[in-house]
Amino acid sequence: MRLQPRQQLLELWEAAARTSFRDGTWAWGGRDGSNSISDAEQLLCFMYPASELPGFRLDTPDETADDVLVALESLGDAVEIPKLMLQTMHKYFSTYTAEDGRPLFTGGSYFQTADEDAKVSPEQLHLDVVDSFSMSVTLALGALGFLKVFRRSVRRESLLIQIGELEKLASRRLSAAMIGLLRSFTVNAFTPASAQGQALLRTVNQTGTPEHRVLADLRRELRPVGAGLRDLTMGSGSQVDLENENLLFECGWTWGIVKDAPAIDTALEVGPQPDGVAADIPFLYFTVNALVGIRDLFSERTRVLGLLNDHQLTLAQAIQRRWDLTQLYWRTIATYGRGTWPLEDIPWRTTDEKESDYYSLGVTAMVVQSLVSSRAADVDLGRVAGVLEELAVRARIIRRAVPGDPPVLMHSPGVPVNLHGSDTLGPNLVWVVSDFAITLLKRTMWAASIAQNTRTRERLLHLTDQIWRHIRRRRCEDGNARGLWDQPGNVFTDIGVHHEDPSWYFSERVVEFLVSAAQASGEQPLRSPQLVELALQMLSEAEHLLEQELVTQPLSAGQTTQPKLRSIQATLQRARTIVGDRPATAQALVNGALLDLEGLTTARRSAAEV
């Protein structure tokens, strides 16, 4: 790839620092105002790379990279930057904690109304949202890891006290977010004859098979998921009776706390657990976002640093079970059958009979995440690559849009998601999502990271380059948002809207992608079995020729060729060491050794002829 993720991240950090820290004060809020999600996204633009990439660490002042300090010079030096992050995170966690100690996960200014003439009620502004739970998991884990390492560099007592206070706030918010995720999980069961059942059967039946056979086969495929869902013991989703195997179902996360969701009995101090109003049905968008945040709970970094206490580990196990079951369910539905996958039948049709390319992207995102977790076969990745390519074309990301093109609306103003159940406290609320392009890019990169087939990997990386070029064009070029995202009018001229402030919603997702790209570039290059075999054959020939030269001119002798023979021997030893991991490099080393050996042979023959 020509991405250069480190350089791109440094440029983004420079822009985010300039925008966030003005006149010696942290400036909260962007295009969509300040709320628990937007402010977390703003912080994660800094904390996520610092947590995930060793070269971007800010928690050890003596080891902070020079180019990082240049990018963040508006925030201070190597000593002042971590102190500022400490103060800013403390401000965030304090702001979104109620007087009774309950962490707040409100949607606030991200809420909109379905009726343009209606206003969001004060009660609705304070509704908890799954996006906030997910973002808070990632932010709290990042903060706890940062504090655990930064503490080792601190000697001042007042600073150690601040670290201790912040650890308590971050841990409490993490616990509350985990409880929120458990209380917003849902299982929606229905009969095959219902409208939902018929919609699901039409989606999975891509070959025109008789309905009774599809139904029997689908029930058999979903039996492990159903069994797992019946055994849930805490949170929402456990009240649905799936003992009746005649029922079909779907599972995932709704948009907030499920109505009548039971409180979770825990020894953790998280304050009162609020009542929910969200409809007891899964939403693709919120399910995808929940899965992304949950993934951080059982990452290697979380385990190595021991960021979860015993009570949190119990919650994490319950969440991971839902994570596993949800991915298994959607992968089963999306890839059902022996012919065309339902996933390949774009656009995806939901059980409430709605169709959209955005729904296809949501299901694809879950399938890719499942494939990444299971290190799936390339035959599956090849089919997923086809879906990703078609979505990129249909969304006018790698194809030019024409005036009045409907797909442009997915990018701006975005896709409205009706928040069913919110009308109990005021007008119907909607959640507008405009992350199609960056979500597609992230999933393409994830798929490329596990591809073992060279052709599939190159295909996915080529698509990644194309999508990244599109997103690069959408970067803001002036105003407070300069260097950040998102300015879709740079690509889609019909939009006619120019934004002065950054969208932290979009910019944070760009950061996630760049971190994934940087991590992928640090992995071992793809190994072709055929290339390994060829390199071994070449190495065998070269070692044999070297043995012949050593018999004729042993290393112990004093010939002038002795240094050359020693160099060739060292080169071939190095090639044999790396041939399994870097066959192309080993082959290049062997080529050089073979040329040197041929030179020695030619010189000896020429001398004999004289």
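Guide: What follows is a conversation about the terms used here and the values behind them.

Visitor: What kind of model is this, and how are its residues numbered?

Guide: This is a predicted model, in which local features need pLDDT of at least 70 and side-chain atom pairs count only at pLDDT 80 or more, while totals for chains, interfaces and linings use all residues. Residues are numbered from 1 along each chain as its sequence is written, and side-chain values use heavy atoms, with hydrogens and water left out.

Visitor: How do you know how many disulfides the structure holds?

Guide: A disulfide is counted when a pair of cysteine sulfur atoms lies within 2.5 Å. The sulfur of Cys45 has its closest cysteine sulfur in Cys476, 12 Å away, which is too far for a bond. Cys476 is likewise in no disulfide, since its nearest cysteine sulfur is that of Cys45, at 12 Å. The structure holds 0 disulfides.

Visitor: How do you know where a helix or a strand runs?

Guide: Helices (H or I, at least four residues) and strands (E, at least two) are DSSP runs, and they are numbered from the N terminus. Thr326, for instance, lies in helix 12 (residues 310–334).

Visitor: What makes Thr326 buried or exposed, and which residues does Thr326 touch?

Guide: With a relative accessible area of 0%, Thr326 is buried. Contact means heavy atoms within 4.5 Å, and, not counting residues up to four places away in sequence, Thr326 touches Phe185, Cys251, Gly252, Trp253, Thr287, Leu291 and Met366.

Visitor: Why are helix 6 and helix 7 called roughly antiparallel?

Guide: Axes are lines fitted to C-alpha atoms, for helices over the stretch in contact, and angles run from 0 to 180 degrees between N-to-C directions. Angles under 35 degrees count as roughly parallel, over 145 as roughly antiparallel, 65 to 115 as roughly perpendicular and the rest as oblique. The axes of helix 6 (residues 130–150) and helix 7 (residues 157–183) cross at roughly 150° and come within 8 Å, and the two helices are therefore roughly antiparallel to each other.

Visitor: Which term describes the way helix 2 and helix 4 run against each other, and why?

Guide: Helix 2 (residues 36–52) and helix 4 (residues 80–95) pack at an angle of about 160°, with their axes 11 Å apart. That angle makes helix 2 roughly antiparallel to helix 4. Among the residues that make the contact are Leu43 and Phe46 of helix 2 and Met85 and Tyr92 of helix 4.

Visitor: What about helix 18 and helix 19?

Guide: Helix 18 (residues 529–552) and helix 19 (residues 562–578) pack at an angle of about 155°, with their axes 11 Å apart, and are therefore roughly antiparallel. The contact includes Leu536 and Leu539 of helix 18 and Leu565 and Ile568 of helix 19.

Visitor: What makes strand 3 and strand 9 a pair?

Guide: Two strands pair if DSSP finds at least two bridges between them, and strand 3 and strand 9 (residues 429–433) pair in the antiparallel sense over 2 bridges. They belong to an open sheet of 3 strands, with the order 3-9-8 and antiparallel pairing. Its edge strands, strand 3 (112–113) and strand 8 (415–419), each pair on one side only.

Terms used
Buried < 20%, exposed > 50% of the residue type's maximum accessible area, 1.4 Å probe, protein only.
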